[in-house]
Amino acid sequence: MTKDQYLENTLTKAGSNDRVEFAIKMPGQGENQVLLPIDSKFPVENYARLIEAYDRGDKAEIEALRKALATDVKEQAKKIATKYLDPPATTDFGVMFVPTESLYAEILRIPGLFDEIRQKLNVTICSPSTLPVILSGLTMGFRTVAIEKRSAEVWQTLGAVKTQFSKFGDLLDATKKKLQETVNKIDSASTTSRQIERKLKSVETLPEAESVKMIGDIEV
């Protein structure tokens with residue numbers, strides 16, 4: 001995305017001093033600008049303990065730490081919802097970026113956590129591999145809106161081109177007609193020339209020197 005499509009460390013909520021790490025500029029109604037907050041969260045402590053529990057193979061501890069991680073993720077998502085979301089100045093949803101694929105995968109393993117956060121808190125969780133997909137979709141959305149805004153101009157331009165092309169077509173038709181008339185005259189002259197040649201076959205050909213003397217030299 002270009003620099004004019006997002007803001008860094010910016011305020012998105014009226015009356016708040018909390019700055020979101022990134023805010024994507026979304027097209028709004030009229031001249032209004034709508035921001036999409038994106039904030040990075042990494043609940044390190046319980047996630048690190050969970051990885052250690054996996055290494056030990058302690059199922060009870062794994063289950064307990066999964067619940068603790070789920071609580072951490074919900075709390076971080078709630079911070080995004082309460083600190084940065086402020087419709088209509090912002091979108092009614094935000095994005096929580098987790099910086100590792102392993103953490104993202106662990107969040108997805110916890111049954112219902114991803115959907116619960118999205119539905120109840122209006123926060124979507126993404127990772128290094130899924131954030132580009134979201135941004136790509138947003139970029140396509142920007143282009144679509146830009147095309148819609150300029151559709152009237154596009155149609156006007158096409159209308160002008162159509163008018164000029166129509167005139168150009170008329171010019172081509174006129175030129176073609178003139179060329180056809182010229183071709184017809186040339187064909188007629190060729191026919192007359194052949195007729196004259198046939199009539200002159202019985203006439204004795206003079207030596208070139210004498211013919212030049214009579215009618216002059218003809219340059220080809």
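Colleague: What makes strand 3 mostly covered?

Modeller: A count of buried residues. This is a predicted model. In it, 6 of the 8 residues of strand 3 are buried.

Colleague: How do you know that strand 2 and strand 3 pair, and in which sense?

Modeller: Pairing needs at least two bridges. Strand 2 and strand 3 have 6, and the sense is antiparallel. Pro27 stands opposite Gln33 in strand 3.

Colleague: What joins strand 3 to strand 4?

Modeller: Strand 3 (33-40) and strand 4 (94-97) share 3 bridges, in the parallel sense. At least two are needed, so they count as a pair. Asp39 has Met96 of strand 4 as its bridge partner.

Colleague: And how many bridges join strand 1 to strand 2?

Modeller: There are 5, and the two strands run antiparallel. Leu7 stands opposite Ala23 in strand 2.

Colleague: What is the order of the strands in the open sheet, and what is the pairing?

Modeller: The order is 1-2-3-4-5, and the pairing is mixed.

Colleague: Why do strand 1 and strand 5 stand at the edges?

Modeller: Strand 1 (6-11) and strand 5 (123-126) each have a single partner strand, so one side of each has no neighbour in the sheet. On average, neighbouring strands are turned by 35° against each other, direction ignored.

Colleague: Which strands does helix 2 lie across?

Modeller: Helix 2 lies across strand 2, strand 3, strand 4 and strand 5. Against strand 4 the angle is about 140°.

Colleague: Why is Gln76 called buried?

Modeller: Its relative accessibility is 19%. The cut-off is under 20%, so Gln76 counts as buried. Gln76 sits in helix 2 (residues 59-84). Beyond its neighbours within four places in sequence, Gln76 contacts Lys41 and Met96.

Colleague: Which residues touch the most other members of the largest nonpolar core?

Modeller: Val73, Met96 and Ile125, out of 27 residues. Two or more residues come from each of strand 2, helix 1 (44-56), helix 2, helix 3 (101-109), helix 4 (113-121) and strand 5. Helix 2 gives the most, with 9 residues.

Colleague: What is Val73 in contact with, leaving aside its neighbours within four places in sequence?

Modeller: Pro43, Met96, Ile107, Leu113, Ile117 and Ile125. There is also a second, separate core of 12 residues, which includes Ile38, Val95, Phe97 and Phe142.

Colleague: Why is helix 1 called roughly perpendicular to helix 3?

Modeller: Their axes come within 12 Å and cross at roughly 80°. The range for that label is 65 to 115 degrees, so helix 1 is roughly perpendicular to helix 3. Tyr47, Leu50 and Tyr54 of helix 1 make the contact with Ser102, Leu103 and Glu106 of helix 3.

Colleague: How many aromatic pairs does the structure hold?

Modeller: The structure holds 2. One of them is formed by Phe42 and Tyr47, at 6.3 Å centre to centre and 50° between the planes.

Colleague: What makes the pair of Phe42 and Tyr47 tilted?

Modeller: First the distance: centres must lie within 6.5 Å, and here they are 6.3 Å apart. Then the planes: under 30 degrees would be stacked, over 60 edge-to-face. The angle is 50°, so the pair is tilted.

Colleague: Are the two partners buried or exposed, and how do you know?

Modeller: Tyr47 has 10% relative accessibility, so Tyr47 counts as buried. Phe42 has a relative accessible area of 36%.

Technical notes:
Residues numbered from 1 in each chain as written. Predicted model: local features only at pLDDT ≥ 70, side-chain atom pairs only at ≥ 80, totals over all residues. Heavy atoms only, no water. Helix = DSSP H or I, 4+ residues; strand = E, 2+ residues; numbered from the N terminus. Buried < 20%, exposed > 50% of the residue type's maximum accessible area, 1.4 Å probe, protein only. Contact = heavy atoms within 4.5 Å. Axes fitted to C-alpha atoms, helices over the stretch in contact; angles between N-to-C directions. Phe/Tyr/Trp six-rings, centres within 6.5 Å; stacked < 30°, edge-to-face > 60°. Core = buried A, V, L, I, M, F, W, Y, C linked by side-chain atoms within 4.5 Å. Parallel < 35°, antiparallel > 145°, perpendicular 65-115°, else oblique.
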